[in-house]
Amino acid sequence: MNKENQFQQNINSEDPFIKNLYSDLNERINAYEQEDAVKIEKMKWSDATGSIFFMVLIIAYLIYSFV
């Protein structure tokens, strides 16, 4: 069975749960496809500096306390 055909059958299903589930999925897919350009920004070093700083502090403390 073709996937599109099965998808359409589920949208037209008589079971309200299945119908709502696939209708909502179809709406979300259409909304995602209509977005112009989904830009995902890469993480920069400046985004991670605070976390790295605290990790270094914790590691230094653990090394100091075990030595």
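Modeller: Residues are numbered from 1 along the chain as its sequence is written, and side-chain values use heavy atoms, without hydrogens or water. As the model is predicted, local features need pLDDT of at least 70 and side-chain atom pairs 80 or more, while totals for chains, interfaces and linings use all residues.

Biologist: What makes the elements of the protein chain α-α-α?

Modeller: Helices are DSSP runs of H or I with at least four residues, and strands are runs of E with at least two, numbered from the N terminus. The protein chain has three helices and zero strands, giving α-α-α from the N terminus on.

Biologist: Why is the protein chain called more spread out than a compact globule?

Modeller: The globule rule is 2.2 Å times the number of residues to the power 0.38, and the radius of gyration is taken over C-alpha atoms. For 67 residues the rule gives 11 Å, but the radius of gyration is 25 Å, well over that, so the chain is more spread out than a compact globule. Its C-alpha atoms fill a box of roughly 70 × 30 × 20 Å along the principal axes.

Biologist: How many of the 67 residues are buried?

Modeller: Buried means under 20% relative accessible area (1.4 Å probe, protein chains only); such residues make up 6% of the 67.

Biologist: What is Ser-13 in contact with, beyond its neighbours within four places in sequence?

Modeller: Contact means heavy atoms within 4.5 Å, and on that basis Ser-13 touches Ile-18 and Lys-19. Ser-13 sits in the loop between α1 (3-11) and α2 (16-34).

Terms used:
Buried means under 20% relative accessible area, exposed over 50%, partly exposed in between (1.4 Å probe, protein chains only).
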